[in-house]
Amino acid sequence: MQSPSIDSFRCLNPGCPAAGQPGLGNIRHRKWYNTRLGPRRLLRCSTCAREFSELKGTALWNVKLPCERVESIVEHVTRGNSFKQTAELTHTHRTTVSRLACIAGEHAARVHDQHAQDLHVTSLQADERHGFVGRKDQPCWEATVIDPRSKFIVQNALGARTTDLAVRLLFGARSRLHDPHGIVLFTDGWLPYESLFPAVFGRPFQPQRQGKRGRFPKLQYHIPRTSGHVRIIKTYQGKRVVDIRTERAAGSQRRVDQELASLGYNTPNTSAVERHNGTARRMNPHQVRRSLANARLPHVRQTVSDLVNGVYNFCRVNRSLRVKLNEPVGRRQYAQRTPAMAIGITDTVWSVLRLLGTVVLPNPCRS
């Protein structure tokens with residue numbers, strides 16, 4: 001792994017005035033220290049006098065395997081291979097694969113929290129995927145909110161298919177948006193979406209009470225004209241879909257028509273998130289359809305899901321997002337993009353090693 005330049009590092013001490021600000025010249029190379037994988041740099045912040053390793057705050061911190069093997073393990077796991085298959089392909093023990101997948105998943109979730117903020121999106125699509133954890137009689141649904149224009153996964157949540165799952169999903173997605181009051185939401189016919197939409201994407205107001213005594217009425221929500229909620233309700237007969245009808249549950253019809261024209265849709269649908277469901281099942285070893293594999297522990301199920309979402313957003317190019325070059329480069333006429341590039345978070349395709357080596361700020365450093 002090639003060591004980055006000193007200017008790209010930042011202080012990880014939350015109490016430092018220069019915390020999280022690269023390029024200030026406050027990071028100095030203090031010395032080299034030896035590890036079983038080779039020498040590493042020990043850095044020092046001249047502002048707060050804290051010292052930390054160059055790998056502190058990354059998923060590669062305190063990992064005893066070479067970086068290239070860790071990258072290979074993550075690549076195999078996010079291609080739908082089980083932990084046992086990955087262990088055989090990378091000549092690593094199965095428990096080591098499980099431990100590294102959990103570490104990488106927790107790091108990918110923190111990278112997503114650090115970068116997926118203040119997103120400029122105008123529409124969202126939400127759906128759920130059925131799965132299991134522990135045993136086949138213990139369902140574990142994975143709900144996803146995706147931007148149909150950039151195919152970027154804004155938020156995901158795991159758990160039983162209850163109202164709490166929808167609450168964590170929608171409120172988590174709302175916290176990442178630049179303007180939550182200008183969103184058109186496309187969902188299936190699950191009722192919690194309809195009941196939660198006013199509280200999540202509406203503007204709260206307090207009604208006046210009658211008289212001067214008694215409690216104030218409950219808080220109510222006004223849905224602005226720039227928002228809308230469309231439900232796509234499917235009727236099943238056995239396992240077949242026999243009828244599909246759309247219903248505007250909230251918001252302005254003019255705003256919904258405007259968003260459909262912007263997306264190039266003739267009718268409301270959830271095609272972007274449903275296509276991602278098929279992609280996620282090929283990438284996640286706990287949801288791949290060709291086996292009966294499932295995670296034994298909820299923590300492993302959550303972290304592997306976060307890892308798959310991080311690799312999908314930052315490392316995997318999407319053919320539908322490619323843009324035509326102004327001037328062809330040899331035989332190449334299109335520039336490939338990832339969902340993170342399409343939404344404006346980054347301008348390059350990340351490698352898995354770059355995702356694992358990205359420093360996240362919430363991790364404090366040791367003195």
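Colleague: Hi! At what angle do the axes of α4 and α5 cross?

Modeller: Hello! In this predicted model, helix α4 (residues 163-174) and helix α5 (residues 191-201) cross at roughly 35 degrees, and their axes come within 10 Å. The crossing of α4 and α5 is right-handed.

Colleague: Nice. Which residues make that contact?

Modeller: On the α4 side you have T163, A166, V167, L169, L170, F171 and R174. From α5 come P192, Y193, L196, A199 and V200.

Colleague: And how do the residues of the contact divide into nonpolar, polar and charged?

Modeller: For α4 with α5 there are 10 nonpolar residues, 1 polar and 1 charged.

Colleague: In which sense do β4 and β9 pair, parallel or antiparallel?

Modeller: Parallel: β4 (residues 123-129) and β9 (residues 184-187) are joined over 3 bridges. Within that pair, L124 stands opposite L185 in β9.

Colleague: Switching to the 3-stranded sheet, what is its order?

Modeller: That open sheet runs β1-β2-β3, with antiparallel pairing. β1 (27-35) and β3 (51-53) are the edge strands, each with a single partner, so one side of each is left without a neighbour in the sheet. The twist averages 30 degrees from one strand to the next.

Colleague: How many bridges join β1 to β2?

Modeller: There are 8 bridges between β1 and β2 (residues 38-45), and the two strands run antiparallel. If you want a residue pair to look at, W32 has R41 in β2 as its bridge partner. The two strands form a hairpin, with 2 residues between them.

Colleague: There's another hairpin, of β14 and β15. Which residue there takes a positive phi?

Modeller: That's G330, with phi near 70 degrees, in a hairpin that has 2 residues between its strands. β14 (residues 318-329) and β15 (residues 332-337) run antiparallel, joined by 4 bridges. N318 stands opposite R337 in β15.

Colleague: Changing topic: where is S271?

Modeller: S271 is in helix α7 (residues 271-283). Its side chain makes a polar contact with the side chain of N269, at 2.7 Å.

Colleague: What else is S271 in contact with, leaving aside neighbours within four places in sequence?

Modeller: S271 is then in contact with Q125 and Y265.

Colleague: Last one from me. What pLDDT does the chain average?

Modeller: The chain averages 89, and 96% of the residues score at least 70. Do keep an eye on residues 363-367, though: pLDDT there is below 50. That stretch, 363-367, has 14 contacts in the model beyond near neighbours in sequence.

Technical notes:
Residues numbered from 1 in each chain as written. Predicted model: local features only at pLDDT ≥ 70, side-chain atom pairs only at ≥ 80, totals over all residues. Heavy atoms only, no water. Pairing = 2+ DSSP bridges. Axes fitted to C-alpha atoms, helices over the stretch in contact; angles between N-to-C directions. Left-handed = near helix turned anticlockwise from the far one by under 90°. Contact = heavy atoms within 4.5 Å. Nonpolar A, V, L, I, M, F, W, Y, C, P; charged D, E, K, R; others polar. pLDDT = per-residue confidence, 0-100. Polar contact = N/O pair within 3.5 Å; in protein donor to acceptor, adjacent residues only side chain to side chain.
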